[in-house]
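Welcome! Let's learn to read a few side-chain features together, one question at a time.

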Amino acid sequence: MRVMKILKWLAITIVCALIAIQFIRPVRSNPTAPESQSLNAHVHVTPQVAAILDRSCTDCHSNRTRWPWYSNVAPVSWFVIDHVNHGRSHLNFSEWSRYQKREAEELLEQMCREAEAGFMPMTSYTRIHRKALLSADDIKVLCEWTDGERRKVAVDK
């Protein structure tokens, strides 16, 4: 009987805590950036590459994040918002113009390298977003594109 009473109070405490943490809401945003600053405005993005980036990268690496319903529910929202903010801080397709040519060249190379290594998109993202998984063909297309664009950036120096 005593164990049941403890379990009941524990359950009530957990439910109250879950309700209370819903009021701790980090900022979920999609900052505006002119199209003239975007990746598409600075490099040639083929329709095939655009589809791959949109499906597998832009939620975390652009200001066009599609926020899923669970990004409104703490504590999951905290992790999702942190991942998006972290992703944007490393690479943001919406703000491509802020990168110097050398940095843009390195980011293009890194995109291929991380896709080939299976680091991107992150497993925590692809577990829920199965369509974001990159096939071998997707990686080949992406790496051929990044290689070509890197060469163009190097020539423009």
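A: Let's start with a sulfur link in this predicted model. Cys 112 and Cys 143 form a disulfide, with their sulfur atoms 2.1 Å apart. A pair of cysteine sulfur atoms is called a disulfide when they lie within 2.5 Å, so this pair qualifies.

Q: Which parts of the chain does the pair link?

A: Distant ones: Cys 112 sits in helix α6 (residues 101–117) and Cys 143 in helix α8 (residues 136–155), and the two cysteines are 31 residues apart. The link of Cys 112 and Cys 143 is right-handed, with 105 degrees about the S-S bond.

Q: Is Cys 112 buried or exposed?

A: Buried means under 20% relative accessible area, so Cys 112, with 12%, is buried. Cys 143 is buried too, with a relative accessible area of 11%.

Q: How many aromatic pairs does a search of the whole structure find?

A: It finds two aromatic pairs. In one, the rings of Trp 69 and Tyr 70 have their centres 5.7 Å apart and their planes at 85 degrees, so the pair is edge-to-face. Trp 69 counts as exposed at 66% relative accessibility, whereas Tyr 70 counts as buried at 14%.

Q: What about the rings of Trp 96 and Tyr 99?

A: Their centres are 5.3 Å apart and their planes at 80 degrees, so this pair is edge-to-face. Both Trp 96 and Tyr 99 are buried.

Notes. Residues are numbered from 1 along each chain as its sequence is written. This is a predicted model: local features need pLDDT of at least 70, side-chain atom pairs count only at pLDDT 80 or more; totals for chains, interfaces and linings use all residues. Side-chain values use heavy atoms; hydrogens and water are left out. Rings of Phe, Tyr and Trp (its six-membered ring) pair if their centres lie within 6.5 Å; planes under 30 degrees apart count as stacked, over 60 as edge-to-face and the rest as tilted. Buried means under 20% relative accessible area, exposed over 50%, partly exposed in between (1.4 Å probe, protein chains only). Helices (H or I, at least four residues) and strands (E, at least two) are DSSP runs, numbered from the N terminus.
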